[in-house]
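Please open the structure in your viewer and keep the selection tool ready. We will go from one stop to the next, saying what to select and what is there.

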Amino acid sequence: MEELIKVRHEKLKRLREEKIEPYPHRYKITHKAREILEKYKKLKIGEKVKGSKVSLAGRIMSKRGHGKSGFAHIMDGSGKIQVYTKFDVVGEKKYDLYKKLDIGDFIGVEGRIFKTKTGEITVLVEDFTLLAKSLRPLPEKWHGLKDVEMRFRQRYIDLIMNPEVKEVFLKRSRITSLIREFLDKKGFLEIETPMMQPIPGGAAATPFITHHKALHRDLYLRIAPELYLKRLIVGGMERVYEINRNFRNEGISTKHNPEFTMLELYQAYSDYEDLMELTTELIAKIAKEVLGTLKIEYQGEKIDLKTPWKRLTLKSAIKKYTKLDIDKVKDIKKEAKKMGLSLEEVLTDTQVIDHIFKEFVEPKLIQPTFIIDYPRELSPLAKAKKNNPNLAERFELFIGTLELANAYSELNDPILQRERLKEQLALRWAGSEDAHMMDEDFLRALEYGMPPCAGLGIGIDRLVMLLTDSPSIRDVILFPHMRPEKVGK
RNA sequence: GCCCCCAUAGCUCAGUUGGAAGAGCACCUGACUCUUAAUCAGGGUGUCCCAGGUUCGAGCCCUGGUGGGGGUACCA
């Protein structure tokens, strides 16, 4: 390695001695590689195009020399294109420089288009300029970069070497811009709320703690934006959304990264039924635009996103997949143990039901399914069903076993909300660290009056996983969480 | 947190029973003016993840650690 880098540094030194700037400021391009390939695809073999002068720039990805001429592929943001440099076209001095170029260097190229004997559209180089000297060798051209650790730590190399990885992130970007377009058209306002919160709220999760020096106090990285977004509903912003990071101080898995991206939206004068419609419409539209179809495949399972999507109550879903009728069961804990679950004694019956669902139902939810009517106990910020105070008007959406969305009709009765947060407080005292905290300002806001309203959260990373057929959340996050690395010189 | 798996050249990998380091690409030197995994001739560039231990001898066996992956627990 040191040897390889030394050689490049020597080349750099020689360039400077020859007054060739290895890191110039700019280069004027007229075309992207892809544009050229598209524009001239009908050329005949051996045909040259008069007046086809182009300039483009990119990274050298391969070189094939032939004495007094040489082929190379350069890659720009749009793709790869072959360039052909000849001694008798560029002259002796430039050709010597060409021979010294390394794979990895950036160059700008001016030339004309032709098609080679073997049928590849190629730029015949009339002049070129070194745009940035590369001092480290890239991975091998054929096998690319496979080492997972290096792919994540040095994502830039992953992006250079693995086009399918780049494709995932292009899709991710497309997905978020489609979401914005969709919501903006429906009159939603994109807003931003605090990442650092004095009281973390809106979810049951352990927060990260940070410290503000000037204020001499700890702050929490948010676990959800929910309580702030609701304050905005109180403030008269009737449709708001935020696409941003949440931070949860919990386990890392193929479906969990400590920081992850969430779309959270609130819509006044609506309930969870309206949001089921909105969710369906949104996800189906994105799939159609990004993949061109509603029939997708995720990890070997064929999934049909054709609407309407199935709806199952939590209770009926458990009955369907486990044959367990939770209404008729006397001792739910006993049943759960019989099914093979190991449970701590402190669990309430409702928590046991939640466990059964996660263990036995979730892995079966391949086709899009709304699970509705969650126990009120698990949903302290949700409004109860009109005819059943023990159930919340809440849904979660599962596709390909991924939990993609969570939504409810928001509890806007300030008296009830206070009671529920008090219950949570009691749970905290009892040792449940991730129970909700009391947030007096949030309650005060509700006391001013919040219109009926429904809120939705969609895990953007998981949605991207689904639409790019990625098995791990790390595949869709550019820089997934890693332990710090010791980097030498 | 617990369990299992992985770590050898810049990259992708091989390395037998414990006998002292290998290939392809990349790189370096040279040849070659339509190649495309260019070709031809020559060159091995290494903290075998780290620290101990066993042994006459360790890439290989043992112990501990580091980093990564997967599972599980916790967790939307």
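The tour below visits a cavity and then some salt bridges.

This is a predicted model, in which local features need pLDDT of at least 70 and side-chain atom pairs count only at pLDDT 80 or more, while totals for chains, interfaces and linings use all residues. Residues are numbered from 1 along each chain as its sequence is written, and side-chain values use heavy atoms, with hydrogens and water left out.

Begin by selecting Lys11, Leu15, Leu97, Lys100, Leu101, Asp105, Leu130 and Lys133, which line the largest cavity. A cavity is a set of points on a 1 Å grid over the protein atoms alone where a 1.4 Å probe fits but cannot get out, and lining residues have an atom within 4 Å of a point. The space in this cavity is about 40 Å³, a volume being the space filled by probe spheres set on the points, which are joined across faces, edges and corners.

Next, select Glu226 and Lys230, which form a salt bridge with their closest N and O atoms 2.8 Å apart; the term means a side-chain nitrogen of Lys or Arg within 4 Å of a carboxyl oxygen of Asp or Glu. Glu226 and Lys230 are both buried, that is, under 20% relative accessible area.

Finally, select Arg444 and Asp441, whose side chains meet in a salt bridge at 2.9 Å, N to O.

Note on methods: Chains lettered and ligands numbered in written order. 1 Å grid on protein atoms, 1.4 Å probe; cavity = no way out; pocket = protein on both sides within 12 Å on 5 of 7 lines; lining within 4 Å. Buried < 20%, exposed > 50% of the residue type's maximum accessible area, 1.4 Å probe, protein only.
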